[in-house]
Amino acid sequence: MSAGYELALFAGALAASALGGVLGMASGIFIVPILTLFAGVDFHTAVAASIVSVIACSCAGAASYLDARLTNVRLAIVLEVATTLGALTGVFLSGLVPTQALFLIFAVILAVSGWQMLGRRRDEAAPVDRPGRWRGVDGQYPGKGGEAIAYQVDGLSLGAGLMYGAGLISALLGIGSGVLKIPAMDTALKLPIKVSSATSNFMIGVTAAASGAAYLLRGDIVPGIAAPITLGSVLGAILGAKLLMAVPSERLRLLFVTVLAIPALQMGLAAFGVNIMRGVR
Amino acid sequence: MNARAEGVLERRLARALNAGTWIGSGVVAVGLLMSLWSRAGAPVELAGVAIFILLPVTRVALMMATFARHRERLFALLAALVLLIIIGGTAVSVITHALT
C-alpha cells in the first residue's frame with residue numbers, strides 16, 4: 001500500500017466517523033461504500049476493516065456517555081447475549097451470501113436508515129407497569145437539573161430478537177446496525193432517547209468485537225487498510241462528538257438524508273454490476 | 001450494588017476504554033509508520049487492531065468481576081455467558097473456516 005493510498009483511507013475514515021458521530025451513528029455505513037466503490041477493495045475485506053472502525057468509534061465515544069451516567073449497563077449485558085449470538089451467525093453467513101446480495105442488502109439498510117432519519121425520535125410513553133414485569137434492568141438518568149429520572153424497561157423479548165438481527169447485520173455488512181438498534185431501544189424497549197443512544201453505543205463495541213475477533217483470526221483484516229482506517233476513526237469519532245454539541249442536528253437532517261441516499265443508490269447499482277466510478281463490469 | 005458503586009463502575013469502564021483506545025491507537029500508529037519502510041510494520045498494525053478488538057471484551061470481563069463482587073449473580077452469569085459466546089463462537093468460526 002502506498003503512503004498516499006493509506007493517507008486517503010485515513011482521511012476517508014476520519015470524515016466517515018465524524019459524520020457518523022454527528023448523526024449518532026457508527027462509521028461503518030459510510031466506510032464500506034467508500035472502500036468498495038472508491039478504493040477498489042473487495043466486499044469481504046471492506047467489512048473486516050469497517051468492523052474495526054466501528055469498534056474504534058464505540059470505544060472513543062463510550063467514555064463521555066459513561067461519564068454522563070446515561071448508559072444502562074445491565075440492560076446492555078442482557079441484550080449483548082442476543083447481539084453476540086447474532087454477530088457470530090453473521091460471520092458464519094458471510095461466507096455463504098453472494099456479494100451481489102450483500103450490496104443490495106446494504107443499499108436497503110442505507111435507504112431505511114435515511115427514512116428513519118426523517119422521522120423524529122420521540123420519547124415513547126412510559127411502559128405500563130404490568131404485574132410480573134421484570135424490574136432488573138430499570139434504571140435512571142440525570143435530568144437537566146441533575147435530578148435522577150427513573151425509567152422502566154419492557155418488551156425485552158422483542159428487543160432481544162431485534163438485537164439478534166442487529167448483531168447479524170452488523171457482522172455481515174460491517175456496520176453498527178443503528179438502523180435496527182435504535183427502533184429496538186426507542187420503541188420496543190421504550191427507553192428514553194438519551195439512554196437509548198448511550199446504551200446502543202456501548203453495545204455496538206461488543207457486537208463488533210465478536211465478529212472482529214473472528215475476522216482477525218481468519219486473516220480477513222488487511223493491515224495496510226485497517227490501520228489508517230482505525231486511526232482515522234478514533235480521531236473522527238472524537239471530532240464528531242465535539243461537532244455534535246456545536247451543531248444543531250435538527251437543521252442538518254435533510255443534508256444527512258442526502259448523504260445516505262447517494263451511497264444507497266451506488267450500492268444498489270453495484271449489486272447489479274454497475275459501478276459508476278468504473279463503468280459496468 | 002448501590003448508585004455510588006455503579007458510578008464507580010462506570011468511571012472505571014470509562015477510564016479503561018479511554019486508556020485502551022489511546023494505547024491501541026499508539027500501537028497502530030507505530031505499526032503504520034514502520035510499514036512505510038519495513039515489512040515488520042504489518043504485524044504491529046495487526047497487534048494494534050487486536051488491542052481494539054479486546055477492549056470491549058475486557059469491558060465485559062470488568063463488568064462480570066464487578067457484578068460478582070457485589071453479589072449480583074444473574075448479571076455476573078450473563079456477562080460470563082457473553083464472554084463464552086464471543087470466545088467459543090470465535091473459536092468455532094475460525095476452525096470451520098480453516099477446515100473449508
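What follows is a working chat about a predicted model with chains A and B.

Colleague: Let's start with chain B. How many helices and strands does chain B have?

Modeller: Chain B has three helices and zero strands. From the N terminus on, its elements run α-α-α.

Colleague: What percentage of chain B counts as buried?

Modeller: Of its 100 residues, 41% count as buried. As for contacts in chain B between residues at least 6 apart in sequence, 49% of them join residues at least 24 apart.

Colleague: On to holes. How many cavities of 30 Å³ or more are there in the whole structure?

Modeller: The search finds one. The largest cavity has a volume of about 50 Å³.

Colleague: Which residues line the largest cavity?

Modeller: From chain A, the lining has A:S58, A:C59, A:A62, A:F202, A:G205 and A:V206. From chain B, it has B:L17, B:P56 and B:R59. Two or more lining residues come from each of α3 (43–67) and α8 (193–217) of chain A and α2 (41–69) of chain B.

Colleague: And how does that lining divide into nonpolar, polar and charged?

Modeller: Six residues of the lining are nonpolar, two are polar and one is charged.

Colleague: What about the second largest pocket, what is its volume?

Modeller: About 340 Å³. Its lining has 18 residues, and those nearest the centre are A:R69, A:G139, A:Q140, A:Y141 and B:E6. Elements giving two or more residues to this lining are α4, β1 and β2 of chain A, together with α1 (3–35) of chain B.

Colleague: Which element gives the largest share?

Modeller: β1(A), with four residues. The lining of this pocket divides into seven nonpolar, five polar and six charged residues.

Colleague: Next, helix α7 of chain A. Which residues are buried there?

Modeller: In α7 (residues 178–188), the buried ones are A:V179, A:K181, A:I182, A:A184, A:M185, A:D186 and A:A188. The cover over them includes α4 (73–94), α5 (99–118), α6 and α8 of chain A. Just after α7(A), A:K190 takes a positive phi of about 60°.

Colleague: One residue I keep coming back to is A:I169. Where is it found?

Modeller: A:I169 is found in helix α6 (residues 156–173) of chain A.

Colleague: Buried or exposed?

Modeller: A:I169 is buried, because its relative accessible area is 16% and the cut-off for buried is under 20%.

Colleague: What is A:I169 in contact with, leaving aside neighbours within four places in sequence?

Modeller: A:I109, A:G174, A:I175, A:S177 and A:L180.

Colleague: And what separates its C-alpha atom from that of A:G268?

Modeller: The two C-alpha atoms are separated by 17 Å, with the residues 99 apart along the chain.

Note on methods:
Residues are numbered from 1 along each chain as its sequence is written. Chains are lettered from A and ligands numbered from 1 in the order in which they are written. This is a predicted model: local features need pLDDT of at least 70, side-chain atom pairs count only at pLDDT 80 or more; totals for chains, interfaces and linings use all residues. Side-chain values use heavy atoms; hydrogens and water are left out. Buried means under 20% relative accessible area, exposed over 50%, partly exposed in between (1.4 Å probe, protein chains only). Contact means heavy atoms within 4.5 Å. On a 1 Å grid over the protein atoms alone, a cavity is a set of points where a 1.4 Å probe fits but cannot get out, and a pocket is an open set with protein on both sides within 12 Å along at least five of seven lines; lining residues have an atom within 4 Å of a point. Grid points are joined across faces, edges and corners, and a volume is the space filled by probe spheres set on the points. Ala, Val, Leu, Ile, Met, Phe, Trp, Tyr, Cys and Pro count as nonpolar, Asp, Glu, Lys and Arg as charged, and the others, Gly among them, as polar.
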